[in-house]
Amino acid sequence: MQIHNKTFLITGAASGLGAATAERLVAAGGRVVLCDLSDAVEAHAKRLGDAAAAVRGDVTSAEEIQAAVQAAVALGGQLDGVVHCAGVVSVAKLLDRQGNPADLDAYARTVQINLVGTFNVMRLAAAAMATNPPGDDNERGVIINTASVAAFDGQVGQCAYSASKAGVVGMSLPAARELSRHGVRIMAIAPGVFETPMMSDIPQDAVDSLSAAVPFPKRLGRPDEFAHLAEQIITNTMLNGEVIRLDGGIRMQ
Ligand SMILES: NC(=O)c1ccc[n+]([C@@H]2O[C@H](COP(=O)([O-])OP(=O)(O)OC[C@H]3O[C@@H](n4cnc5c(N)ncnc54)[C@H](O)[C@@H]3O)[C@@H](O)[C@H]2O)c1
């Protein structure tokens with residue numbers, strides 16, 4: 001699918017990977033609806049000009065994501081693609097230092113946002129895309145989800161985060177198989193460690209040791225490198241039902 005004159009919904013678009021993706025898709029001639037819980041999404045849409053609109057919305061809400069999908073249809077006539085970046089990171093051990101068990105609500109919250117939120121965005125976007133007239137190759141849409149390398153090599157304290165992202169990985173193939181008859185592709189990107197506000201709490205010595213653990217290049221990923229891969233996935237119709245690690249070769253200890 002070409003990006004020029006197509007309309008994309010980007011979640012988590014106020015910050016980090018989603019904000020960078022919105023910028024890149026507008027630069028490539030696309031239209032974007034930026035959806036985020038944060039009101040910073042409005043200022044970012046304004047910066048991107050007439051090709052962008054903002055919707056405040058929670059990815060776990062059926063009504064709010066339906067409104068975001070409708071905003072994309074209103075902006076461009078139809079929804080052509082989704083880059084779903086909204087998510088949260090969480091760290092909690094199964095047992096704390098005193099041997100107390102982890103908080104169950106905190107675990108469920110991470111899974112609700114990262115996994116159930118992904119399913120919610122996929123199902124509502126797919127319903128809209130399935131009604132699009134077929135384009136080149138009979139393609140009607142493409143959905144890119146965001147997993148994490150923690151889906152494969154989760155670290156201590158990442159039970160909730162790793163489980164939520166492993167769920168995103170696990171949905172890719174069955175969703176792609178199911179939506180193939182509608183001409184809708186499903187892909188996921190599993191980033192390593194990227195320089196975004198999500199990672200801003202990490203102390204410099206941890207950033208240095210994470211950078212040193214990347215085989216090449218020895219640094220954290222840049223948000224535009226994620227956006228670049230999203231652009232390539234959108235424009236390469238053969239990519240479907242797969243999860244691509246974008247991590248400089250890092251395997252978490
Ligand atoms: N930065 C990394 O190193 C890294 C690595 C692997 C995976 N990821 C994943 O990439 C995605 C984007 O992360 P980022 O680094 O850009 O983080 P970020 O914190 O900069 O941006 C995430 C955005 O999601 C929004 N958000 C959170 N919960 C939401 C909800 N319920 N509904 C709507 N919006 C919500 C936040 O307001 C924020 O603007 C996340 O899914 C994250 O798990 C990030």
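**Notebook: core, sheet and ligand shell**

I started at A125, which touches L9, V69, L79, V82 and I143, leaving aside residues up to four places away in sequence. A note to myself: this is a predicted model.

Next I looked up the largest nonpolar core. It has 66 residues, and L9, L34 and A125 touch the most other members. Helix α4 gives this core its largest share, 8 residues. I kept a general remark beside this: in soluble globular proteins, nonpolar side chains tend to be buried together.

Then I turned to the sheet. I found an open sheet of 7 strands in the order β3-β2-β1-β4-β5-β6-β7, with parallel pairing. Which strands stand at the edges? They are β3 (52-56) and β7 (243-246); each has a single partner strand, so one side of each lacks a neighbour in the sheet. On average, neighbouring strands are turned by 20° against each other, direction ignored.

I zoomed in on β1 (residues 7-11) and β4 (residues 81-84), which run parallel and are joined by 4 bridges. Here L9 stands opposite V82 in β4, and both of these residues are among the contacts of A125.

Helices came next. I saw α1 pack on the sheet, touching β1, β2 (31-36), β3, β4 and β5 (141-146), with its direction at about 165° to that of β1. Helix α5 (residues 159-179) lies across β5, β6 (184-191) and β7, and runs at about 165° to β6.

Last, the ligand. I counted 29 residues around the ligand, with G12, G16, G87, T196 and M198 coming nearest. The elements giving two or more residues to this shell are α1 (16-27) and α4 (104-129). The largest share, 3 residues, comes from α1. By class I noted 15 nonpolar, 12 polar and 2 charged residues.

Notes: Residues are numbered from 1 along each chain as its sequence is written. This is a predicted model: local features need pLDDT of at least 70, side-chain atom pairs count only at pLDDT 80 or more; totals for chains, interfaces and linings use all residues. A residue is near a molecule or strand if its C-beta atom, placed from the backbone, lies within 6 Å of it. Ala, Val, Leu, Ile, Met, Phe, Trp, Tyr, Cys and Pro count as nonpolar, Asp, Glu, Lys and Arg as charged, and the others, Gly among them, as polar. A nonpolar core is a set of buried Ala, Val, Leu, Ile, Met, Phe, Trp, Tyr and Cys residues joined through C-beta atoms within 7 Å. A residue is buried if 20 or more other C-beta atoms lie within 10 Å of its own, exposed if 12 or fewer, and partly exposed in between; C-beta atoms are placed from the backbone. Two residues are in contact if their C-beta atoms, placed from the backbone, lie within 7 Å. Two strands pair if DSSP finds at least two bridges between them. Axes are lines fitted to C-alpha atoms, for helices over the stretch in contact, and angles run from 0 to 180 degrees between N-to-C directions.
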